[in-house]
Amino acid sequence: MKELMAIEYKNNKLLLIDQRKLPTINEIFECTTYQDVEFAIRDMVVRGAPAIGATAAYGVVLAAKEFKDLERKEFFNNMDKACSILNKARPTAVNLMWAINRMKSVIEQNKEMSVNDVYNNLKDEAHIILNEDIKTNRQMAVHGNEIVPNNAAILTHCNTGALATAGYGTALGVIREAHKSGKNIFVFADETRPRLQGGRLTAWELKQENIPSKLIADSVAATLIRDKKIDLILVGADRIAVNGDTANKIGTFMLSVVAKVYGVPFYIVAPTTTIDFDIDTGEEIEIEERADQEVTHVGGVRVAPEEMDVYNPAFDVTPSENITGIITEKGIVREPYRENILKLK
Ligand code: MRU
């Protein structure tokens, strides 16, 4: 089967699988400008921390393509502006800022070169970012598979698969690897209200890979955990603080609390690009709030009364004391988190 590619740069265009429409419609969203890319991230055509990072890098490439015929000074000014617009597309996943910073350092280091060479170097850097993510996905999958027991029932939240990354996935990558390595596993996928990344995207990926699984409403998870039906919980991350506190899709924190009460191992699977070495604890993580409509409407149909107020944070922070380990491409990090996370820098 052809590997699923959520992000592809072809003929000077960025092609994204439109994740707003999956699984009913499988359509490509074409980006020809950096503004298209900013929109695609903000409107969640593409989502998932590593996928957002790689996409933003190509946004910088498209900006350079647009501005490369301008006079030098204007080129650099416009690139600055484009980078800061892309940087603000979504606030929580640090991979976005990480990728933009990496692209900005290429611009900085090449300031003496011709604008055309800067453009070519930016294109190379974006390809490197994409390919590095593909590679780290594989490494995380291998490390993660070590802690998956045979016959494990695994609970996962949100979508952390090929759609959320450039390659194999993070938490779902570990699940794919365990399945491919011949382990007899069973997956419970939370539907993940309000945007249903689990119900629409994880379920779609699990079906494509023929991984034995069931979709559950988020509110079922606690009962399954209490009833000893879950051996392991694997989730992704959008930003990890130096002390190990981890922001991930809303609902993750709640799972971690129940897991701790009932003694179920709770692992984060994330590349080191998701670690924010500039923040000490989860309290410093900005949590995105999204539109009321995500909660008041289901499938475009209003289900809540008109003018009902809504609180819709897209992420929450799981304190590190609830986390059994963080599976990265460099190995599995465990307590003491601050000391061990700093070793990854
Ligand atoms: O709002 P989303 O869909 O971008 O949120 C995605 C998640 O929370 C994922 O769990 C996280 O990005 C890790 S995915 C590899």
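**View 1. Residue classes in the lining of the largest cavity of the predicted model.** In this predicted model, the lining of the largest cavity is made up of 10 polar, nine nonpolar and four charged residues. The volume of this cavity comes to about 190 Å³, and among the 23 residues that line it, R47, G48, A49, N159 and D238 are the closest to its centre. Two elements of secondary structure, α2 (49–67) and β9 (246–249), each contribute at least two residues to the lining of the largest cavity.

**View 2. The position of the largest cavity relative to the two domains.** The protein chain is divided into domain 1, which covers 7–138, and domain 2, which covers 143–342. Because domain 1 and domain 2 both give residues to the lining of the largest cavity, this cavity lies between them.

**View 3. The second largest cavity and the residues around it.** Sorted by class, the lining of the second largest cavity holds four charged, three nonpolar and two polar residues.

**View 4. The contact between domain 1 and domain 2.** The centres of domain 1 and domain 2, taken over C-alpha atoms, are separated by 25 Å, and the contact draws 30 residues from domain 1 and 31 residues from domain 2. The size of an interface is often given as the accessible area lost when the parts come together. Between them, domain 1 and domain 2 bury about 2600 Å², with 55% of this area on carbon and sulfur atoms. On the side of domain 1, the residues that lose the most area to domain 2 are R47, T92 and N137, which together account for 23% of what that side buries.

**View 5. The salt bridge between R90 and E288.** Which residue forms a salt bridge with R90? The partner is E288, and the closest N and O atoms of this pair are 2.8 Å apart. Across the interface of domain 1 and domain 2, the rule for salt bridges finds one.

How values were computed
Residues are numbered from 1 along each chain as its sequence is written. This is a predicted model: local features need pLDDT of at least 70, side-chain atom pairs count only at pLDDT 80 or more; totals for chains, interfaces and linings use all residues. Side-chain values use heavy atoms; hydrogens and water are left out. On a 1 Å grid over the protein atoms alone, a cavity is a set of points where a 1.4 Å probe fits but cannot get out, and a pocket is an open set with protein on both sides within 12 Å along at least five of seven lines; lining residues have an atom within 4 Å of a point. Grid points are joined across faces, edges and corners, and a volume is the space filled by probe spheres set on the points. Helices (H or I, at least four residues) and strands (E, at least two) are DSSP runs, numbered from the N terminus. Ala, Val, Leu, Ile, Met, Phe, Trp, Tyr, Cys and Pro count as nonpolar, Asp, Glu, Lys and Arg as charged, and the others, Gly among them, as polar. Domain bounds come from an automatic or database domain assignment. Contact means heavy atoms within 4.5 Å. Buried area is the accessible area (1.4 Å probe) that two parts lose on being put together, summed over both. A salt bridge is a side-chain nitrogen of Lys or Arg within 4 Å of a carboxyl oxygen of Asp or Glu.
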